[in-house]
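Here are a few exercises to work through with the model open beside you. Take each task first, then follow the solution step by step.

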Amino acid sequence: SMAVACLTAARRLHDSMLHSVLAAPLSFFEQTPAGHITSRFSSDVDALDFALPSAISMMLDMVVVLFGCVFVLVSQAPALLAAFFILAVVYSRVQRMFNRTATELKRMDSITKSPVFSLFAQAVDGVQTLRSMQQEEQVIEAMTSAIDANTGTYLSWAHSNRWLGVRLDLMGAILIFLAALLAVLS
């Protein structure tokens with residue numbers, strides 16, 4: 001089943017990542033903050049545990065519905081085949097534009113998430129020192145700033161997803177309009 005396949009994939013990814021990190025030279029740990037490593041582990045495993053199964057399930061549902069609708073519509077109005085072709089070309093261009101933007105925004109999200117994990121780990125490790133030196137406010141300000149930066153990139157990514165959704169909804173509305181128009185004219 002899909003759940004077992006996703007669980008196996010998540011386990012393999014985690015084991016592979018853990019092996020790579022444990023086998024990394026000491027220079028890797030000197031150059032890479034602990035928060036960045038933690039961020040990578042958490043985001044990749046989270047994607048496989050939660051996002052991937054629902055995305056695959058939704059994709060399979062949509063593909064079945066799409067082929068069913070295309071078959072029914074084209075069998076009733078063959079002229080819609082031209083509209084499907086044009087919309088497929090437009091869709092591919094919109095998708096290419098979106099993929100470039102979304103990839104960069106996800107990269108930025110990952111980069112801005114790393115300081116959040118690093119600051120949190122450092123604050124937990126040095127909580128006694130921070131309290132004795134009365135530096136809590138500075139750490140809170142730094143943490144707030146890091147969280148704000150990460151939230152900004154995440155919201156930009158969410159807005160780009162909504163941008164794509166609006167374009168796809170518009171293309172769907174155009175297709176429905178054309179199908180209704182051809183039904184009325186026939």
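Keep in mind that this is a predicted model.

**Exercise 1. Work out how helix α1 and α3 are arranged relative to each other, and which residues bring them together.**

Solution. 
- Step 1: Start with the axes. Helix α1 (residues 2-22) and α3 have axes that come within 10 Å and cross at roughly 160 degrees.
- Step 2: Compare the angle with the cut-off. Angles over 145 degrees count as roughly antiparallel, so α1 and α3 are roughly antiparallel to each other.
- Step 3: The α1 and α3 crossing is right-handed.
- Step 4: Find the contact. From α1 come Met2, Cys6, Ala9, Ala10, Leu13, His14, Met17, Leu18 and Val21, and from α3 come Ile37, Arg40, Phe41, Asp44, Val45, Leu48, Asp49, Pro53, Ile56, Ser57 and Leu60.
- Step 5: Sort by class. The contact of α1 with α3 holds 15 nonpolar, two polar and three charged residues.

**Exercise 2. Do likewise for helix α3 and helix α4.**

Solution. 
- Step 1: The axes of α3 (residues 34-76) and α4 (residues 80-125) come within 12 Å, crossing at roughly 170 degrees.
- Step 2: With that angle, α3 and α4 are therefore roughly antiparallel to each other.
- Step 3: On the α3 side, the contact residues include Gly35, His36, Val70 and Leu73; on the α4 side, they include Leu80, Phe84, Lys113 and Phe117.
- Step 4: By class, the contact of α3 with α4 has seven nonpolar, nine polar and two charged residues.

**Exercise 3. Describe the largest pocket: its volume, its lining and the elements that supply the lining.**

Solution. 
- Step 1: The volume of the largest pocket is about 1,000 Å³.
- Step 2: There are 26 lining residues, and Met62, Leu66, Tyr91, Leu168 and Leu175 are the closest to the centre.
- Step 3: α3, α4 and α6 (136-185) each give two or more residues to this lining, with the largest share, twelve residues, coming from α3.
- Step 4: By class, the lining of the largest pocket has 22 nonpolar, three polar and one charged.

**Exercise 4. Which residues lie closest to the centre of the second largest pocket, and how do its lining residues divide by class?**

Solution. 
- Step 1: The second largest pocket holds about 610 Å³ of space.
- Step 2: Among its 19 lining residues, Ser43, Ala47, Ala51, Lys106 and Trp157 are the closest to the centre.
- Step 3: α3 gives the most to this lining, with eight residues.
- Step 4: The lining of the second largest pocket divides into seven nonpolar, six polar and six charged residues.

Technical notes
Residues numbered from 1 in each chain as written. Predicted model: local features only at pLDDT ≥ 70, side-chain atom pairs only at ≥ 80, totals over all residues. Heavy atoms only, no water. Axes fitted to C-alpha atoms, helices over the stretch in contact; angles between N-to-C directions. Helix = DSSP H or I, 4+ residues; strand = E, 2+ residues; numbered from the N terminus. Parallel < 35°, antiparallel > 145°, perpendicular 65-115°, else oblique. Contact = heavy atoms within 4.5 Å. Nonpolar A, V, L, I, M, F, W, Y, C, P; charged D, E, K, R; others polar. Left-handed = near helix turned anticlockwise from the far one by under 90°. 1 Å grid on protein atoms, 1.4 Å probe; cavity = no way out; pocket = protein on both sides within 12 Å on 5 of 7 lines; lining within 4 Å. Points joined across faces, edges and corners; volume = space filled by probe spheres on them.
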